[in-house]
Amino acid sequence: MKSFKELEKIIDRIDGKSYKSYKQLQGQYQFPNFILSIDYVQGDPFASPSRIRVTVPGNKSGFSSGLYDTSYKKKAVVDFLSRVVGENIYKHYENVGGSGKSGLLSIGHCGQEILERNYIIIDEKIVEARLTVGLPAEGRRILGNKAKTIFFEALPKIVESSLFFNAISQEDLLKQINLLEDQAYLRKEIEKRELVAFIANGSIIPRQSGVSQKPMRKGVVPFLSPKEYEIDINLPNQGTIKGMGIPEGVTLIVGGGFHGKSTILKALELGVYDHILGDGREYIVIRENAVKIKSEDGRKVEKVNIYPFINNLPMGEDTKRFSTENASGSTSQAANIMEALEIGTDLLLIDEDTSATNFMIRDGRMQKLVQKEKEPITPFIDKVRTLYEKNGVSTVLVIGGSGDYFEVADHVIMMDEYHPKDMTKEAKDIVEEIKYQRKIDEVTLIKDDTPRTLLKSSFFTGRKGVKIKSRGIDTITYNKMDIELRNLEQLIHSDQTNTISFIIKYIMDNIANDKRTLKEAVDKVYEEMNTKGLDTVSPYQGNPGNMALPRKYEIAATLNRFRNLKIK
Ligand code: ADP
Ligand code: MG
């Protein structure tokens, strides 16, 4: 290892030279309080910024192992310190500027959710932050003094104010650890009580706007449970909280337009993740494997059994191994459900707003006009009970338009000016009162155990090999082919998408063997990340790039949308 003085010398030597000379910085440097590792140096000022790490020895940093000895604590501490580093970059560093990405200095961005991330590593040996830096240049000429400002002025201050236990707000850290302990407890508790979701009284559900996930401030109506569903839960730190428990089964959220139905479903969808203090959704939790189901016309489907929902197609196509490059509204929605069941889910979330009508319902009059033999679709209304009773999969549905669903629901909750009310009895009375001629179209059970074996030939290599890259949250490109993820509403962070892009490469190189099924491949990679850490799947040495853990479902969903996916 070199001394920081050596780094200074190199920078002086390459000052004013062409950008490529920055490559000489690669290496490790001992600073008085930390080690700086310059792992990857960008090729020019416009390319992805350089990746570095700053590492403090565990015995100097002062974090006791009791702060990170369980998975939820570790997640809490890593997330917390990531935010602290972010704040201290802002506080102690003014962008020195230059061409392109010159002067950028950042750590991964943390939003409203607390995710498992790799921006910080903490264990008995080290506390380490992974940063990216745009090495400064004017045109392609190295700006040595500006580089020195970053390394010798900003970095030491950022490290000293962030990676030492005595420098940070210990109280806030403890609060976040306690919050995560409570959230972890709450998740276990809802399962124990056979609930699929819990929304605490006082939760702030709506967000500021379509582009801000911060809580709405003005004119917001805090959540209050209907008495019929109100339960107490005694949390280890927060003490007793009250709120609405949504039981297993089929639950409808009904109500007039603009009364807050979709907003509540959205909050439930994201209840698979933990939220930071002050978010308003801290105590909204849902089964972790819950999946939002949408209609997604145009998507690719590869050998999925959609027979339970769609059979007897006019062209005689096989729907037990259904493939298409361009699914319709209803076939895509059927495929989305079957793929969710394949990975394993306890709960489907469906909003009428984003569903195919003919997939959801076929009313009595339409049944009379178009005979069953002429209609390939068995609507969801005829499957939702089977799903629960035979497969143990609950559904929460937002329904504004179709009262036929009253008949199959266990619970009906009406949103009335953002207040939920129990309307189960009223809805059931209406079913009795207005007898209505609708036949049940039920044909088959739903669960399908036909294995979908993942073929290695899915992963074609171009002339220059394989390049898989994420762009924002919604797109991964595989060589030149886009994988479109816009419809995965529970994929919420671009670093989750980045991680999925690494995972696809990892599955291609290490896991796909023409024997494992798609589910087994996802399980396997997940298990490896769980035992060896997120970094395992990164193709990079040193600073592995910003990663945040995606769920199994979103990994599988990405493979399922990959247009070259091949299933045996
Ligand atoms: P629906 O799906 O019932 O038509 P939405 O959920 O789209 O209604 O909500 C309509 C509007 O009401 C949205 O702009 C949303 O931000 C706002 N809203 C939802 N819940 C609340 C609440 N609890 N307090 C204040 N405004 C809310
Ligand atoms: Mg709506």
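This is a predicted model: local features need pLDDT of at least 70, side-chain atom pairs count only at pLDDT 80 or more; totals for chains, interfaces and linings use all residues.

The buried residues themselves are Leu 173, Gln 176, Ile 177, Leu 179, Leu 180, Asp 182, Gln 183, Leu 186, Arg 187, Glu 189 and Ile 190. I then checked the length of α5, which takes in residues 170-192: its 23 residues reach 33 Å from the first C-alpha to the last, close to the 33 Å expected at 1.5 Å a residue. Just after α5, I noted that Glu 194 takes a positive phi of about 55°.

I asked myself how many of the five residues of strand β23 (residues 394-398) are buried. Five of the five are, so I wrote down that β23 is largely enclosed by the rest of the structure. In a regular strand the side chains alternate between the two faces of the sheet, and I therefore looked at each face in turn. Ser 394, Val 396 and Val 398 are buried on one side of β23, and Thr 395 and Leu 397 are buried on the other, which leaves both faces covered. I found that β23 runs parallel to strand β16 (residues 250-254), to which four bridges join it, with Val 250 standing opposite Thr 395. Strand β22 also runs parallel to β23, and five bridges join these two; here Ile 350 has Leu 397 as its bridge partner.

Which residues coordinate the magnesium ion (ligand 2)? I found Ser 262, through OG, and Asp 353, through OD, at 2.1 to 2.3 Å. Ser 262 lies in helix α6 (residues 261-269), whereas Asp 353 lies in the loop between β22 (347-351) and α8 (357-360), so the pair ties together parts that are 91 residues apart in sequence. Ser 262 is partly exposed, with a relative accessible area of 31%, while Asp 353 is exposed, at 59%.

I listed 14 helices and 28 strands for the protein chain. Its radius of gyration is 26 Å, close to the 24 Å that the globule rule gives for 568 residues, so I noted that the chain is as compact as a globular protein of that length. Of the 568 residues, 56% count as buried. Lastly, I looked at contacts between residues at least 6 apart in sequence, and 73% of them join residues at least 24 apart.

Note on methods:
Residues are numbered from 1 along each chain as its sequence is written. Chains are lettered from A and ligands numbered from 1 in the order in which they are written. Side-chain values use heavy atoms; hydrogens and water are left out. The expected span of a helix is 1.5 Å times one less than its number of residues. Buried means under 20% relative accessible area, exposed over 50%, partly exposed in between (1.4 Å probe, protein chains only). Donors are N, O and S atoms within 2.8 Å of the metal (3.2 Å for Na, K and Ca); water is not among the atoms, so sites may look incomplete. The radius of gyration is taken over C-alpha atoms; the globule rule is 2.2 Å times the number of residues to the power 0.38. Contact means heavy atoms within 4.5 Å. Two strands pair if DSSP finds at least two bridges between them.
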